[in-house]
Amino acid sequence: MDSVLLKTKDLCKSFSNNGEQNHVLNQVSMEIYQGDFTVIMGSSGSGKSTLLYCISGMDTITSGDIWYEGKPLNGMNEKEMAMLRRGGFGFVFQQMHLVSNLSLFENVAVPGYLNKSRTTKETNQRAKELLEQVNIQGAMKRLPSQVSGGEQQRAAIARAMINEPRLLFADEPTGALNQKNTKDVMALLAKINKKGQSILMVTHDVRAAVYGNRILYLEDGRITGELKLAPFKMEEARSRETQITAWLASMSW
């Protein structure tokens, strides 16, 4: 039986607009399993990114429940949530948010220094190993402005992995990349997932979604569909894209 890593029940997120309630998330119940590469898709404005931010603790919820490893997130104070985001979770965004005056190595290592679970020497070694894993070790001394967008995103993925998160959140990680860099970054995420890393990714790009093994469809703040896929194989990418496109069409994509 698959191990549940994160679970939500009746999750709601509402905003008040001129006295009217705008329900961005409406009774969302779902489970994220250990080792899965789960993808959340949906039309623009469906609540995809809001869902990601709510379940990762970066945004508050209006009502409902969230459990991580069987423990309720709702009852955690800000200090506890900060420790969870720093150690248990990793984050990759569309905009890389690298610190412009730090080298790629320093951008990767700093979250490790802050977490204090390793010595400085151990953190430096892990940062070097991660930069090698994402294949940009030759650029580790360069500033973000001195490398390509694809290399910046690779550094951002390495930074997200520095504290060995149980769950990696990715919000449109290829949204600012060209086709080649998109393929490279997604292949990297698939490689990380194959080694056991749990990933939850929001995307609107079918070419990125093919790397997942489970797709959830979000419409008007509700999960209205689920597609399960076999583990990703590069030679099957085109057929998976066709399969996902047909499924999305059936979901009124």
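This tour goes through a sheet, the helix on it, and a pair of helices in a predicted model.

Residues are numbered from 1 along each chain as its sequence is written. Local features need pLDDT of at least 70, side-chain atom pairs count only at pLDDT 80 or more, totals for chains, interfaces and linings use all residues, and side-chain values use heavy atoms, with hydrogens and water left out.

**The sheet.** Start with the open sheet of 4 strands, ordered β2-β1-β4-β5 and paired antiparallel. Strands (E, at least two residues) and helices (H or I, at least four) are DSSP runs, numbered from the N terminus; two strands pair if DSSP finds at least two bridges between them. Select β2 (20-33) and β5 (71-72): these are the edges, and each has a single partner strand, so one side of each lacks a neighbour in the sheet.

Next select β1 (residues 4-17), which is joined to β2 by 10 bridges and runs antiparallel to it. Within this pair, Thr8 has Met30 of β2 as its bridge partner.

Contact means heavy atoms within 4.5 Å.

Move to α5 (residues 149-161) and α6 (residues 179-194), which pack at about 20° with axes 9 Å apart. On the α5 side, show Gly150, Gln153, Arg154, Ile157 and Met161; on the α6 side, Asn181, Asp184, Val185, Leu188, Leu189 and Ile192 make the contact.

Methods. Axes are lines fitted to C-alpha atoms, for helices over the stretch in contact, and angles run from 0 to 180 degrees between N-to-C directions.
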